Amino acid sequence: LESPYVDFWNQHVGPRAWPVGPLCLAQPATARAEARPSWMEWLDNKAADGRAVLYVALGTLAAIPEPQLKAVADGLERAEVDFIWAVRPMNIDLGSGFEERTKGRGLVAREWVDQLEILKHQSVRGFLSHCGWNSVLESVAAGVPLAVWPMHADQPFNAKLVVDELKVAVRVQTSDRTIRGFVTSEEVSKVVRVLMLGEEGVEAAKNVAELSARAKEAMEEGGPSWKALKDMISELCVKKVNG
């Protein structure tokens, strides 16, 4: 998708950049297995019941301390929304009785899950994320608004983009307003409810739906991404011949 950032880069920085994505939309559909994974069946049941589900995944690179993950668990329980949580590390203790108390309303997935397939599922209406760029792209492409909790690397910049400029996300705040600060269960509960039930979440959902539609148009044959790819190939071939 074209953007002021790409235009500025091409005009004032360089070398030339060609926006050819989001490539996650170019992935072929996953072949249907004979037996659907248990977590997809769980989402199917939620869709059949007309329930909106929050997807929670906080990345695989950052080592989140157990007390912090227990606060997330408590916040999800307080929020009283349906959720599926891809937990890392798989053997982490989320607090005594948490999974039993939220059974039916929540699902803790300790095995590998297909994030893109989950985000594309019709029941999933929100994503609590560490705001890594792949997760942002997949969520926007799927039309799912985010609650963002950046922790390191490019994540704070990604969070500013999706919250302040694109307005497709709400921000999770740490207690001391620093990147590595602690997030209370009260904050998790508040932000989750805002995303899934509040006016700010409704606005984010509307905005991300528009972006998702534009992204899909861009990836269609003849769309902006196709044209950018053809331009890139043409220019590189010319340079190779002239070189």
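## Helix 6 and its surroundings

Let's start inside the fold: in helix 6 (residues 133-142), the buried residues are Ser135, Val136, Glu138, Ser139, Val140 and Ala141. Please keep in mind that this is a predicted model. What do the buried residues of helix 6 pack against? Their partners are helix 5 (115-120), strand 4 (124-129), strand 5 (146-148), helix 7 (155-165) and helix 9. After helix 6 comes Gly143, which has a positive phi, near 75°.

Now for the chain as a whole. It contains 10 helices and 6 strands. Its radius of gyration is 20 Å, close to the 18 Å that the globule rule gives for 243 residues, so the chain is as compact as a globular protein of that length. Here are some overall values at a glance:

| Property of the chain | Value |
|---|---|
| Span of the C-alpha trace along the principal axes | about 70 × 50 × 35 Å |
| Residues that count as buried | 43% of 243 residues |
| Accessible surface | about 13,600 Å² |
| Accessible surface belonging to carbon and sulfur atoms | 55% |

Contacts across the sequence are worth a look too: of those with a separation of 6 or more, 61% are between residues 24 or more positions apart. As for charge, the chain carries 28 positive and 33 negative side chains, and the centres of these two sets lie 1 Å apart.

Next, the nonpolar interior. In soluble globular proteins, nonpolar side chains tend to be buried together. Which residues touch the most other members of the largest nonpolar core? Of its 29 residues, they are Leu54, Leu58, Leu76, Trp85, Leu94 and Val192. At least two residues of this core come from each of strand 1 (53-57), helix 3 (66-79), strand 2 (82-86) and helix 8 (185-197). A second, separate core has 28 residues, among them Ala109, Leu119, Cys131 and Leu211.

Leaving aside residues up to four places away in sequence, Leu54 touches Leu76, Asp82, Phe83, Ile84, Gly126, Phe127, Leu128, Val192, Leu195 and Met196.

Where is Glu221 found? Glu221 sits in the loop between helix 9 (199-219) and helix 10 (224-242). Because its relative accessibility is 70%, and exposed means over 50%, Glu221 counts as exposed. Between the C-alpha atoms of Glu221 and Arg125 the separation is 28 Å, with the two residues 96 apart along the chain.

How values were computed
Residues numbered from 1 in each chain as written. Predicted model: local features only at pLDDT ≥ 70, side-chain atom pairs only at ≥ 80, totals over all residues. Heavy atoms only, no water. Helix = DSSP H or I, 4+ residues; strand = E, 2+ residues; numbered from the N terminus. Rg over C-alpha atoms; globule rule 2.2 N^0.38 Å. Buried < 20%, exposed > 50% of the residue type's maximum accessible area, 1.4 Å probe, protein only. Contact = heavy atoms within 4.5 Å. Areas by Shrake-Rupley, 256 points an atom, 1.4 Å probe, with all protein chains shown as cover. Lys, Arg positive; Asp, Glu negative; His and termini not counted. Charge placed at Lys NZ, Arg CZ, Asp CG, Glu CD. Core = buried A, V, L, I, M, F, W, Y, C linked by side-chain atoms within 4.5 Å.
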